[in-house]
Amino acid sequence: MTTILMRGKPVADKYRELITKKISDAKENGKLVTLAVIVVGDDPASHVYKNRLVKLIEDLGGQAKELLLPADTEEEEVINVIKKMNRNRYITGILPMMPMPKHINGDAVGAAIAANKDIDCLSYDNLGGFFAGNNPYAACTPRACLAILEHYGIELAGKKVVVIGRSNVVGKPVAMLLLHKNATVTICHSKTQNLAELTRKADIVVAAVGKACFVTPDMVKEGVVIVDVGINSVDGKLVGDVDPAVEAKASAFTPVPGGVGVVSNMMVMDALTRHI
Ligand code: NAP
């Protein structure tokens with residue numbers, strides 16, 4: 001069995017040219033495409049992610065506006081900042097880094113973003129449209145998973161897919177996108193019983209758990225397709241939610257790093273330039 005290594009770079013590169021052109025055309029028309037990134041607190045992963053996005057938007061010819069707020073900022077203040085950005089015509093899109101500190105309801109923050117500036121499909125208008133199947137701009141990471149599967153020619157219609165994780169930004173929307181593509185989807189979470197029994201029957205496993213090497217070889221069948229969304233830092237090394245030993249049984253898998261994350265960042269830029 002040949003195994004397909006589903007790297008993110010060729011998928012991201014397909015979007016790069018068009019996005020660069022849009023940003024450059026906007027500049028010629030006097031508009032500098034601007035991504036506002038809001039980070040509340042000191043979560044290292046959020047800062048790493050923020051820095052990558054800042055670098056990418058600058059590479060593509062746009063600019064970033066970073067808003068760094070202390071960890072004890074009140075929810076109301078974060079929402080007020082977002083409302084101001086909604087009205088600021090120099091800001092093209094708004095992306096708050098999740099998770100927010102515990103005293104802040106991330107859903108309420110997301111809901112405050114104007115639909116036309118909402119990069120990660122957090123506002124209720126965008127979420128409603130997406131769940132109804134009318135909004136192609138789902139959250140960026142789920143869109144990245146689907147773009148990768150499509151690029152590498154993985155068939156979805158009628159396939160049994162197990163998604164591990166049910167967060168609003170990854171698990172739930174990726175399951176919905178797969179459903180829109182006619183896959184038969186099971187969503188698992190921390191209260192799921194006999195998880196391995198379910199994953200062993202799956203043609204495709206999407207791991208979005210946030211636990212290093214959570215999916216082990218005994219949990220999957222021979223020939224499984226693996227989409228590893230996880231980003232975990234172990235001894236200073238980035239590892240996914242899937243044990244690398246699973247690769248030996250997989251017909252296709254996304255590496256970590258170099259898989260979903262690369263495409264996800266480009267999807268942020270795609271969403272940023274959708275209205276320009
Ligand atoms: P999250 O909000 O923490 O959600 C984790 C999900 O995993 C929850 O639904 C949780 O279930 C479930 N879970 C936890 N332990 C479990 C267990 N033992 N068995 C089954 N399910 C379990 O995380 P997230 O924001 O969705 O992110 C998931 C992972 O993707 C993280 O590693 C994150 O860093 C990564 N990520 C990567 C990208 C990218 O671009 N590659 C983007 C975003 C996130 P409950 O709901 O029951 O608690």
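Reply: Gladly! On a 1 Å grid over the protein atoms alone, a pocket is an open set of points where a 1.4 Å probe fits, with protein on both sides within 12 Å along at least five of seven lines; its lining residues have an atom within 4 Å of a point. A volume is the space filled by probe spheres set on the points, which are joined across faces, edges and corners. Before we look, note that this is a predicted model, where local features need pLDDT of at least 70, side-chain atom pairs count only at pLDDT 80 or more, and totals for chains, interfaces and linings use all residues. Residues are numbered from 1 along each chain as its sequence is written, and side-chain values use heavy atoms, without hydrogens and water.

Me: What volume does the second largest pocket have?

Reply: About 280 Å³. It is lined by 13 residues, and those closest to its centre are Arg143, Leu146, Ala147, Glu150 and Lys181.

Me: Which elements give two or more residues to this lining?

Reply: Elements are DSSP runs numbered from the N terminus: helices (H or I, at least four residues) and strands (E, at least two). Here they are α6 (140–151) and α7 (171–180), and α6 gives the largest share, 5 residues. For classes, count Ala, Val, Leu, Ile, Met, Phe, Trp, Tyr, Cys and Pro as nonpolar, Asp, Glu, Lys and Arg as charged, and the others, Gly among them, as polar. The lining then has 9 nonpolar, 1 polar and 3 charged residues.

Me: Which polar side-chain atom lies 2.5 Å from an oxygen atom of the ligand?

Reply: One of Ser167. The backbone takes part as well: a backbone N or O atom of Ile231 is 3.1 Å from a ligand oxygen, and a polar backbone atom of His189 is 3.4 Å from a ligand nitrogen. On its own the ligand has 930 Å² of accessible area (Shrake-Rupley method, 1.4 Å probe), and the protein covers 71% of that 930 Å².

Me: Now the sheet. What order do the 6 strands have?

Reply: Two strands pair if DSSP finds at least two bridges between them. This open sheet runs β1-β11-β8-β7-β5-β6, with parallel pairing. β1 (4–5) and β6 (184–188) are at the edges with a single partner strand each, so one side of each has no neighbour in the sheet. Follow β1 to strand β11 (residues 250–253): they share 2 parallel bridges. Ile4 has Ala252 as its bridge partner, and Leu5 stands opposite Phe253. On to strand β8 (residues 224–228), which pairs with β11 over 3 parallel bridges; there Val224 stands opposite Ala250.

Me: Which residues does a cis peptide bond join at omega of about 0°?

Reply: Met98 and Pro99, with Pro99 in the loop between β4 (93–96) and α4 (106–111). The bond from Val256 to Pro257 is also cis, with omega near -5°, and Pro257 sits in the loop between β11 and α9. One more backbone feature: Cys121 has a positive phi of about 50° although it is not a glycine, and you will find Cys121 in the loop between α4 and α5 (124–131).

Definitions and conventions
A polar contact is a pair of N or O atoms within 3.5 Å; within protein, one must be able to donate a hydrogen and the other to accept it, and residues adjacent in sequence count only if both atoms are side-chain atoms.
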